[in-house]
Amino acid sequence: MLDFFTIFSKGGLVLWCFQGVSDSCTGPVNALIRSVLLQERGGNNSFTHEALTLKYKLDNQFELVFVVGFQKILTLTYVDKLIDDVHRLFRDKYRTEIQQQSALSLLNGTFDFQNDFLRLLREAEESSKIRAPTTMKKFEDSEKAKKPVRSMIETRGEKPKEKAKNNKKNKGAKKEGSDGPLATSKAAPAEKSGLPVGPENGEELSKEEQIRRKREEFIQKHGRGMEKSSKSSKSDAPKEKGKKAPRVWALGGSANKEVLDYSTPTTNGAPEAAPPEDINLIRGTGPGRQLQDLDCSSSDDEGAAQNSTKPSATKGTLGGMFGMLKGLVGSKSLTREDMESVLDKMRDHLIAKNVAADIAVQLCESVANKLEGKVMGTFSTVTSTVKQALQESLVQILQPQRRVDMLRDIMDAQRHQRPYVVTFCGVNGVGKSTNLAKISFWLLENGFSVLIAACDTFRAGAVEQLRTHTRRLSALHPPEKHGGRTMVQLFEKGYGKDAAGIAMEAIAFARNQGFDVVLVDTAGRMQDNAPLMTALAKLITVNTPDLVLFVGEALVGNEAVDQLVKFNRALADHSMAQTPRLIDGIVLTKFDTIDDKVGAAISMTYITSKPIVFVGTGQTYCDLRSLNAKAVVAALMKA
């Protein structure tokens, strides 16, 4: 039973609606428009909203959307056929009213489609009932029943190939008979071994004599190899080791223990003070107060563009004219066959740029659904049209529904006299602690005090790493510059403790001491590690941070999808809250190592529908950027 079926234009005008139940269809349809149609996620024609499953079809020629909704616990096999039949009949019946392409004509038009829809629904339901249930295949009809029993018997230790060879040999032996060459080949090993085979060679030997003869034959056969191995072992006896000569360096001199000892010098059992660090080298260049937009262009782009223009100038005018006219569509509606070759190339290009394979397929399918049936201009090519549609979709994906503005949210938390809490999570080795320090420096440059909570009690050296970052950040922002106020501080309780408890104590400490922001560093964990994922879900559920950031590296391809899906699933499964807290944003690290292979940004935002808040582009504190969607898409589409 259907809950509703509605037809509306892409401009938002509802042309006709069938209501199967009393509940309104406004909420589910608005969710479909907001989450799928506006976000360019049309690769799959199905969408789930609460207890409903929505299936839709786009008519790009007349700018219409057909949506049907039913309970997701039902398995309705006729829905796809019904939506196709309704689409075909409605378009053919009201073609004149729809082709006028004006909102006034659509509003004044009368679309009496109720009887036609009920007839199509009844036919679809009856056609699904007429189909006979599939019967299970009997054993007699299977291929296994036709095989003889002897072919299915396997001896222990015998491989299938050897068994097949043995069967062929046995068949050949039966054909040749017992008096053929096979009998002579059997007699040959008996002559070589000299052992009596049967009573025809004389008196039959006893079992003990046969064992003794076989033992003697084995010793004669393998004795020579043993003698050779013993001789070689004696010849390879280790020589007397002399004292190791001191190493002589290329520039002269010899190495000794005192020269090669680079351990930390001690004075009265205590290590000497660390040498002063270059603060400017640690800070980096560039303004730290305001995040710059990400620039994906490389220095090789200009040279490549100049080189590409040179051969084009040498071409003849006649060839250039034919090349320009080649592939023009010419005022006709696009079909799947027209776009298939172009979409295949686009999909391979996206995968080569590090976009996850599944995401690339869904993106191309979404573009195909968006363009199918659309009437193109006279001087438009299929390649340019598909490329432009794909670029628009990618830009829309990188500009998600909710924008994260940390500075505004921190000032709002200040008005409520509470600290703003940010939790960092991710897999091992992606740069959580390093980018936490970069974000700390950015917040310090904007005048906010930061408390760093060392909740990575698992990895050796994690607390010491944050302590080093805290010392360097304190050197860049000493209390003297801020009226004696401590701007950055580390809160740590050592190793082996409960991370959720440490985070709770850090938040309480920040509230008492007046810190503006609490940055919670967590241990790196793989998405399949259930105990650590449970601990992370507990930390987030107990402390309810304002922002949960997933730190992922830009080097990954298909792994990005697996990480984000399983992190969100684990947070939902292991959370004790009724509405579990999931990932709110993404920090993309190591972006300076990938050149133009920026596909991980597309994969991560497509899976989570969450924004990329920060992009790490280097090793200094100023190497932090905000995402520029158009620059990323330009780098992604670059050949």
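Visitor: Where does the model come from, and how many helices and strands does the chain have?

Guide: The model is predicted. The protein chain has 24 helices and 16 strands.

Visitor: What share of the residues is buried?

Guide: Of the 639 residues in the protein chain, 38% are buried. As for contacts, take those with a separation of 6 or more: 74% of them are between residues 24 or more positions apart.

Visitor: OK, sheets. What's the strand order in the five-stranded one?

Guide: That open sheet runs β2-β1-β5-β4-β3, with antiparallel pairing. The edges are β2 (14-19) and β3 (46-49); each has a single partner strand, so one side of each has no neighbour in the sheet. On average, neighbouring strands are turned by 15 degrees against each other, ignoring direction.

Visitor: How many bridges hold β1 and β2 together?

Guide: Five, with β1 covering residues 2-9 and the pair running antiparallel. Within the pairing, Ile-7 sits opposite Trp-16 of β2.

Visitor: Which helices lie across that sheet?

Guide: Helix α1 (residues 26-37) lies across β1, β3, β4 (52-59) and β5 (64-71), at about 60 degrees to β4. Helix α2 (residues 79-93) also lies across strands, namely β1, β2, β4 and β5, and runs at about 35 degrees to β4.

Visitor: And the nine-stranded sheet, what order is that in?

Guide: The order is β8-β16-β15-β14-β13-β9-β12-β10-β11; this sheet is open too, and its pairing is mixed. Here β8 (292-293) and β11 (488-491) are the edge strands, and having a single partner strand each, they are left without a neighbour on one side, which is why they count as edges.

Visitor: Tell me about β9. How many of its residues are buried?

Guide: Six of its six residues, so to speak: β9 is mostly covered. On one side you have Tyr-420, Val-422 and Phe-424, on the other Val-421, Thr-423 and Cys-425, and all are buried, with both faces covered.

Visitor: Which way do its pairings run, parallel or antiparallel?

Guide: β9 is parallel to β12, over five bridges, and parallel to β13, over four. Tyr-420 stands opposite Val-517 in β12, while Cys-425 faces Phe-550 in β13.

Visitor: What about β15 and β16?

Guide: Those two, residues 612-616 and 624-626, pair in the antiparallel sense over two bridges. Val-615 is opposite Arg-625 there. Helix α18 (residues 432-445) packs on this sheet and touches several strands, including β9 (420-425), β12 (517-521), β15 and β16, with its direction at about 170 degrees to that of β12. Helix α19 (residues 462-476) packs on the sheet as well, touching β10, β11 and β12 at about 165 degrees to the direction of β11.

Visitor: What does Asp-623 touch?

Guide: Leaving out residues up to four places away in sequence, Asp-623 touches Lys-438, Val-615, Gly-616, Thr-617 and Gly-618. Asp-623 and Gln-292 are 331 residues apart in sequence, yet their C-alpha atoms are 9.4 Å apart.

Visitor: Switching to helices. At what angle do α16 and α23 pack?

Guide: About 65 degrees, with 9 Å between the axes; α16 is residues 382-398 and α23 is 599-608. Their crossing is left-handed.

Visitor: Which residues meet there?

Guide: Leu-394, Ile-397 and Leu-398 from α16 meet Ala-601, Ile-602, Thr-605 and Tyr-606 from α23. That makes six nonpolar residues, one polar and no charged.

Visitor: Last one: which elements do the buried residues of α15 pack against?

Guide: They pack against β4, α14 (336-352), α16, α22 (558-574) and α23. Among those buried residues are Ile-359, Leu-363, Cys-364 and Val-367. α15 (residues 357-371) spans 21 Å from first C-alpha to last, close to the 21 Å expected for its 15 residues. After α15 comes Gly-373, with a positive phi near 85 degrees.

Key. Residues numbered from 1 in each chain as written. Predicted model: local features only at pLDDT ≥ 70, side-chain atom pairs only at ≥ 80, totals over all residues. Heavy atoms only, no water. Axes fitted to C-alpha atoms, helices over the stretch in contact; angles between N-to-C directions. Left-handed = near helix turned anticlockwise from the far one by under 90°. Contact = heavy atoms within 4.5 Å. Nonpolar A, V, L, I, M, F, W, Y, C, P; charged D, E, K, R; others polar. Pairing = 2+ DSSP bridges. Expected span 1.5 Å × (residues − 1). Buried < 20%, exposed > 50% of the residue type's maximum accessible area, 1.4 Å probe, protein only.
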